[in-house]
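Subject: Structure handover

Hello,

I am passing on the structure we spoke about, with notes on what turned up in it. Please look through it first and then read on.

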Amino acid sequence: QVQLVETGGGSVQAGGSLTLSCAAGRRFDTRTMGWFRQAPGKEREFVAAVRWSDSARVSEDSYSDSVRGRFTIARDMNRSTVYLQMNSLKPEDTAVYYCVLSNSRLIYSDLRFGENYEYWGQGTQVTVSE
C-alpha cells in the first residue's frame with residue numbers, strides 16, 4: 001500500500017509563491033504523479049502531472065491551461081517526492097490541493113481524469129488573498 005504525504009500548503013497574498021511537496025515513500029520506475037485541486041463549490045480540477053519511466057529515461061510534465069507558466073512540477077527520483085512550485089498566485093488558485101499517483105504512465109488524454117489515479121493524498125489547503 002502506498003501512502004502519499006503532502007506538505008507545504010498555507011496562506012499567501014496574491015502574487016506570492018508556495019511550494020507543495022508529496023512523498024510517496026517508495027521509488028517507482030514507471031508512474032504518473034501529479035496534483036488536483038478543489039475549491040469550495042467547484043468541481044475537482046487537474047492541475048499538473050509528471051509521467052516518467054526511469055528505465056526508458058523518459059519524463060514529461062503536463063499542466064492545465066489555468067496554471068501553465070506559473071506552476072512547475074518537479075520530481076526528485078531519489079527521494080520519491082514530487083514538488084509543485086506555485087508562483088504568481090491568484091485568489092482563484094485558492095483550493096485544497098491533492099497529490100495523486102497512478103500505477104501506470106498515463107497517456108496525455110487521461111491525465112485530467114481523477115479516476116485514473118489509484119492513490120490520493122489527504123489534501124493541503126492553499127489560500128491566496130487579494
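How many cavities of 30 Å³ or more does the count come to? The count comes to 1 cavity. A cavity here is a set of points, on a 1 Å grid over the protein atoms alone, where a 1.4 Å probe fits but cannot get out, and lining residues have an atom within 4 Å of a point. Grid points are joined across faces, edges and corners, and the volume is the space filled by probe spheres set on the points.

Before the rest, some ground rules. This is a predicted model, in which local features need pLDDT of at least 70 and side-chain atom pairs count only at pLDDT 80 or more, while totals for chains, interfaces and linings use all residues. Residues are numbered from 1 along each chain as its sequence is written, and side-chain values use heavy atoms, with hydrogens and water left out.

The cavity

The largest cavity holds about 30 Å³ of space. Its lining consists of Ala24, Arg26, Arg27, Phe28, Met33, Trp52, Arg75, Met77 and Ser80. By class, that lining has 5 nonpolar, 1 polar and 3 charged residues. In this scheme Ala, Val, Leu, Ile, Met, Phe, Trp, Tyr, Cys and Pro count as nonpolar, Asp, Glu, Lys and Arg as charged, and the others, Gly among them, as polar.

The open sheet

An open sheet is formed by 4 strands in the order β1-β3-β8-β7, with antiparallel pairing. At its edges are β1 (5-7) and β7 (71-76), each of which pairs on one side only. Direction ignored, neighbouring strands of this sheet are turned by 15 degrees against each other on average; the axes behind such angles are lines fitted to C-alpha atoms, for helices over the stretch in contact, and angles run from 0 to 180 degrees between N-to-C directions. Strands are DSSP runs of E with at least two residues, numbered from the N terminus, and two of them pair if DSSP finds at least two bridges between them.

Strand β3 (residues 18-23) is joined to β8 by 6 bridges, and the two run antiparallel. Within that pair, Ala23 has Thr81 as its bridge partner in β8.

Thr72 itself lies in strand β7. Its relative accessibility is 42%, so Thr72 counts as partly exposed; buried means under 20% relative accessible area, exposed over 50%, and partly exposed in between (1.4 Å probe, protein chains only). Leaving aside neighbours within four places in sequence, Thr72 is in contact (heavy atoms within 4.5 Å) with Tyr63, Tyr83, Leu84 and Gln85. Asn78, in the loop between β7 and β8, counts as exposed because its relative accessibility is 62%. From Asn78 to Pro40 the separation is 38 residues in sequence and 35 Å in space, C-alpha to C-alpha.

Strand β4 and its partners

Strand β4 (residues 30-38) is mostly covered, with 7 of its 9 residues buried. It is joined to β5 by 8 bridges in an antiparallel pairing, where Trp35 has Ala48 as its bridge partner in β5. These two strands form a hairpin with 6 residues between them, and Gly41 in the turn has a positive phi of about 75 degrees. β4 also pairs with β9 in the antiparallel sense, over 7 bridges, and Arg37 stands opposite Tyr97 in β9.

Loop residues

Where is Asp93 found? Asp93 is in the loop between β8 (81-86) and β9 (95-102). With 1% relative accessibility, Asp93 counts as buried. Beyond its neighbours within four places in sequence, Asp93 is in contact with Arg37, Arg70, Phe71, Ser88, Val126 and Val128.

Ser88 lies in the loop between β8 and β9 and is partly exposed at 40% relative accessibility. Its phi is near 50 degrees, a positive value in a residue other than glycine. Arg57, in the loop between β5 (45-53) and β6 (58-63), has a positive phi of about 55 degrees although it is not a glycine. At 80% relative accessibility, Arg57 counts as exposed. Most residues other than glycine have a negative phi.

Regards

Conventions: On a 1 Å grid over the protein atoms alone, a cavity is a set of points where a 1.4 Å probe fits but cannot get out, and a pocket is an open set with protein on both sides within 12 Å along at least five of seven lines; lining residues have an atom within 4 Å of a point.
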